[in-house]
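Trainee: Before I use labels for this model, I would like to know what each one rests on. Can we take them one at a time?

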Amino acid sequence: MSVPNSERHGRLSRLHKISAATGAAAVGVTAFAFTVVPGQKSSGSVTAGSEMAAKPVALQAAADSPAEQKASIDAQTSAADDRARADAKAEARKKAEARAKARHEAAVKADRERERELAASRSAERSKTTSPSGSPKQIARQLIGDESQFQCFSQIVERESGWDVHAQNPSGAYGLVQALPGSKMASAGPDWRNNAATQIKWGLGYMKDRYGSPCGAWSFWQSNNWY
């Protein structure tokens, strides 16, 4: 029985469509199935008795990759956090060590300063308790301490007595500083007649009380030729 051309043409068109659809599906499967899955022939047909419905390898890898990537990211994040915490601890430890070092250095400096002050205080106490010695001029320098004040004191004594402990004036003035009367110097010590230190101590006290200092007394002396 002969088939009309129009009907034959319609059948061929349907066959072409089925073939095209089947081919597209085959191409899609081939794109994912790059390897032969056990239980399946290389041609793609399943062997007899095999009912494995194994996933294509590429599809399995695609399904697993998000979880693997997340685990990798989590591991990297955790490692970065650990490093950050370690760095922060190291920095905090370094700062604490620096603060401790600064406190130690400050304490050592304070201790040294206290030691210097104590040494100076002990030296001053020894100076007070130790009697000055030497010539009247040397004794005066030791008792006064300040060189400028000593020079002013020396200018007055040089003109009043010439540094003679026993210098005596007909008016009754006596000693290095020409106390009038000389017996006034007894307030500084009973040995005022012969002890240069006693006479100098009295003279310094007099100058301080009346003129504020030896230099104040010397300034007055220059204007009046007496003090």
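Mentor: Start with accessibility: buried means under 20% relative accessible area, exposed means over 50%, and partly exposed lies in between (1.4 Å probe, protein chains only). The model is predicted, so local features need pLDDT of at least 70 and side-chain atom pairs count only at pLDDT 80 or more, while totals for chains, interfaces and linings use all residues. Residues are numbered from 1 along each chain as its sequence is written, and side-chain values use heavy atoms, with hydrogens and water left out.

Trainee: Why is Cys215 called partly exposed?

Mentor: The relative accessible area of Cys215 is 23%, so Cys215 is partly exposed. Cys152, at 12%, is buried.

Trainee: How do you know that Cys152 and Cys215 form a disulfide?

Mentor: A disulfide is a pair of cysteine sulfur atoms within 2.5 Å. The sulfur atoms of Cys152 and Cys215 are 2.2 Å apart, and the two form a disulfide. A search of the whole structure finds one disulfide.

Trainee: Which helices hold the two cysteines, and how many residues apart are they?

Mentor: Cys152 sits in helix 4 (residues 147-160) and Cys215 in helix 6 (residues 214-224), 63 residues apart, and the pair links distant parts of the chain. Helices (H or I, at least four residues) are DSSP runs numbered from the N terminus, as are strands (E, at least two).

Trainee: What makes this disulfide right-handed?

Mentor: The torsion about the S-S bond of Cys152 and Cys215 is about 85 degrees, so the disulfide is right-handed.

Trainee: At what angle do helix 4 and helix 6 pack, and why is helix 4 called oblique to helix 6?

Mentor: Helix 4 and helix 6 pack at about 45 degrees, with their axes 8 Å apart. That angle makes helix 4 oblique to helix 6: under 35 degrees counts as roughly parallel, over 145 as roughly antiparallel, 65 to 115 as roughly perpendicular, and the rest as oblique. Axes are lines fitted to C-alpha atoms, for helices over the stretch in contact, and angles run from 0 to 180 degrees between N-to-C directions.

Trainee: Where do helix 3 and helix 5 stand?

Mentor: The axes of helix 3 (residues 136-144) and helix 5 (residues 196-211) come within 10 Å and cross at roughly 45 degrees. That makes helix 3 oblique to helix 5.
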